[in-house]
Amino acid sequence: MKSNKYQIITPSASLKTNKLNKLIDTECLFGETFNVLYSKGSFSYGVSDVDRYEGWIKSNSLDFSITTNYVIAQTRTTVLSKPTVKSQLIFFLHMRSKINVVEIIDNWAKISLLHKGKIKYGYIFKSHILKKNNFQFDWVKYAECFVGAPYRWGGRNSIGLDCSALLQLSIAFKGEIIPRDTKDQIKFFSRSKNYNVFEFSLSFNLNRGNIIFWDGHVAIILDNNKLIHASGAHNEVIIEKIKVTIARIKKWSKLVIEV
């Protein structure tokens with residue numbers, strides 16, 4: 001490896017602050033870049049470029065870095081060996097994975113795949129991708145795509161994710177790159193000039209895209225009656241009535257309103 005900057009080449013890669021832990025702290029997704037500080041055995045220690053999360057990652061999930069120009073805009077999509085639905089499956093990619101599209105062929109996007117320092121190619125249905133800087137006003141619709149996905153502490157993809165990952169992945173479609181953990185997300189919104197942060201009150205008229213934090217958890221408002229969150233209590237991403245959530249959760253801390 002000639003450079004300290006590498007790229008995730010597997011659909012996802014577990015990142016742990018202690019490589020001996022069985023639980024993950026977060027995950028890196030295909031195409032995201034990772035700065036390796038040093039390696040030991042089969043693991044590399046470094047920092048994710050996405051959110052500056054630091055920890056250990058398996059070295060075989062990394063390869064040299066190439067430019068990316070699109071992201072996956074579906075909860076999960078297939079990468080196939082040829083531009084036809086009857087071709088061999090290479091693997092699945094998750095929402096917000098970063099890809100390098102080299103050519104559009106009819107309804108298919110030809111993408112670069114890294115393997116042991118060499119570039120191969122795969123094909124994704126082009127309606128499942130979005131140009132990297134094509135930011136979306138209604139970013140909340142991407143959170144809604146995850147309804148029914150399992151809750152997983154530290155998870156950051158459609159196989160399983162936690163509450164802060166749901167917010168981080170979906171609001172990225174708005175062009176907002178936010179920290180990974182809820183405590184750091186609260187600090188981010190509190191310091192940003194683009195957002196107002198208020199103490200929660202039952203009298204508020206809540207709007208789509210408002211974000212509510214409470215005691216280590218976060219939810220996204222869908223409308224004045226409903227919210228969506230990755231709920232450990234329900235073990236999945238659910239849409240829930242706000243009043244029902246309030247009745248169950250006693251310690252509300254902040255309400256973030258987009259300006």
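**Reading strands, loops and burial in a predicted model**

Colleague: In what order do the three strands of the open sheet lie, and is their pairing parallel or antiparallel?

Modeller: The order in this open sheet is β11-β8-β15, and its three strands pair in the antiparallel sense. The two edge strands, each of which pairs on one side only, are β11, covering residues 98–99, and β15, covering residues 129–131. Please keep in mind throughout that this is a predicted model.

Colleague: How many bridges join β8 to β15, and which residue is the bridge partner of Val71?

Modeller: Strand β8, which takes in residues 70–72, is joined to β15 by three bridges, and the two strands run antiparallel. Within that pairing, Val71 has Leu130 of β15 as its bridge partner.

Colleague: Stepping back to the whole chain, how many helices and strands does the protein chain have?

Modeller: The protein chain has four helices and 23 strands. Its radius of gyration is 19 Å, close to the 18 Å that the globule rule gives for 259 residues, so the chain is as compact as a globular protein of that length. Along the principal axes, its C-alpha atoms fill a box of roughly 60 × 45 × 35 Å.

Colleague: What percentage of the residues count as buried, and what share of the contacts join residues at least 24 apart?

Modeller: A residue counts as buried when its relative accessible area is under 20%, and by that cut-off 51% of the 259 residues are buried. Of the contacts between residues at least 6 apart in sequence, 54% join residues at least 24 apart. The accessible surface comes to about 13,000 Å², and carbon and sulfur atoms account for 52% of that area.

Colleague: How far apart are the mean positions of the positive and negative charges?

Modeller: The chain carries 37 positive and 21 negative charges, and their mean positions are 5 Å apart.

Colleague: Which way do the side chains of strand β19 point, and are they buried or exposed?

Modeller: In β19, which spans residues 211–214, Ile211 and Phe213 point one way while Ile212 and Trp214 point the other way, and all of them are buried. This strand pairs in the antiparallel sense with β20, residues 217–221, over four bridges, and the bridge partner of Trp214 in β20 is His217. The hairpin that β19 and β20 make has two residues between the strands, and in it Asp215 takes a positive phi near 30°.

Colleague: Where does Val50 lie, and with which residues is it in contact?

Modeller: Val50 lies in the loop between β5 (43–48) and β6 (54–58), and with a relative accessible area of 17% Val50 is buried, because the cut-off for that class is under 20%. Leaving aside neighbours within four places in sequence, Val50 is in contact with Glu32, Lys98, Arg156, Gln168 and Ile177. The C-alpha atoms of Val50 and Leu169 are separated by 11 Å, although the two residues are 119 residues apart along the chain.

Colleague: What is phi of Arg52, and does Arg52 count as buried or exposed?

Modeller: Phi of Arg52 is near 65°, which is a positive value in a residue other than glycine. Arg52 sits in the loop between β5 and β6, and at 54% relative accessibility Arg52 counts as exposed.

Colleague: In which loop is Asn235 found?

Modeller: Asn235 belongs to the loop between β21 (226–231) and β22 (236–241). Asn235 has a positive phi of about 60° although it is not a glycine, and with 47% relative accessibility Asn235 counts as partly exposed.

Terms used. Residues numbered from 1 in each chain as written. Predicted model: local features only at pLDDT ≥ 70, side-chain atom pairs only at ≥ 80, totals over all residues. Heavy atoms only, no water. Rg over C-alpha atoms; globule rule 2.2 N^0.38 Å. Buried < 20%, exposed > 50% of the residue type's maximum accessible area, 1.4 Å probe, protein only. Contact = heavy atoms within 4.5 Å. Areas by Shrake-Rupley, 256 points an atom, 1.4 Å probe, with all protein chains shown as cover. Lys, Arg positive; Asp, Glu negative; His and termini not counted. Charge placed at Lys NZ, Arg CZ, Asp CG, Glu CD. Pairing = 2+ DSSP bridges.
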